[in-house]
Amino acid sequence: RGLSDVARELGIGVSVLRAWVMKDDAQPEAVGYGDRDELLRLRKENARLKEDVEILKKATAFFAKERT
């Protein structure tokens, strides 16, 4: 979404929103960056865990087949 759409939704001017974004970008220790980093970390972990589940499903099927 563009700045103008977000600004309109929030009921503020585009220049105000742009200033907030620039201020946030200039402060890497701000909460926003930590949240984004955490979100990226959790998405990677989620993808890895999904892969682990698929491997375990295949291993379970393989060993179930071996027992019969």
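Axes here are lines fitted to C-alpha atoms, for helices over the stretch in contact, and angles run from 0 to 180 degrees between N-to-C directions.

**Entry 1. Ground rules.** I am working from a predicted model, in which local features need pLDDT of at least 70, side-chain atom pairs count only at pLDDT 80 or more, and totals for chains, interfaces and linings use all residues. Residues are numbered from 1 along each chain as its sequence is written, and side-chain values use heavy atoms, with hydrogens and water left out.

**Entry 2. Overall make-up.** I looked up the secondary structure and found three helices and zero strands. Helices (H or I, at least four residues) and strands (E, at least two) are DSSP runs, numbered from the N terminus. The order along the sequence is α-α-α.

**Entry 3. Surface.** Of the 68 residues, 4% are buried. Buried means under 20% relative accessible area, exposed over 50%, and partly exposed in between (1.4 Å probe, protein chains only).

**Entry 4. Helix 1 against helix 2.** I described this pair by angle and distance, because two packed helices are described by the angle between their axes and the distance between the axes. The axes of helix 1 (residues 3-10) and helix 2 (residues 14-26) come within 9 Å and cross at roughly 110°. Helix 1 is therefore roughly perpendicular to helix 2; angles under 35 degrees count as roughly parallel, over 145 as roughly antiparallel, 65 to 115 as roughly perpendicular and the rest as oblique.

I then listed the residues that meet: L3, S4, V6, A7 and L10 from helix 1, and V14, L17, R18 and V21 from helix 2. Contact means heavy atoms within 4.5 Å. By class, this contact has seven nonpolar, one polar and one charged residues. Ala, Val, Leu, Ile, Met, Phe, Trp, Tyr, Cys and Pro count as nonpolar, Asp, Glu, Lys and Arg as charged, and the others, Gly among them, as polar.

**Entry 5. A7.** Is A7 buried or exposed? I found A7 buried, with a relative accessible area of 1%. Leaving aside residues up to four places away in sequence, A7 touches I12, G13, V14 and L17. A7 and R18 are eleven residues apart in sequence and 9.0 Å apart in space, C-alpha to C-alpha.
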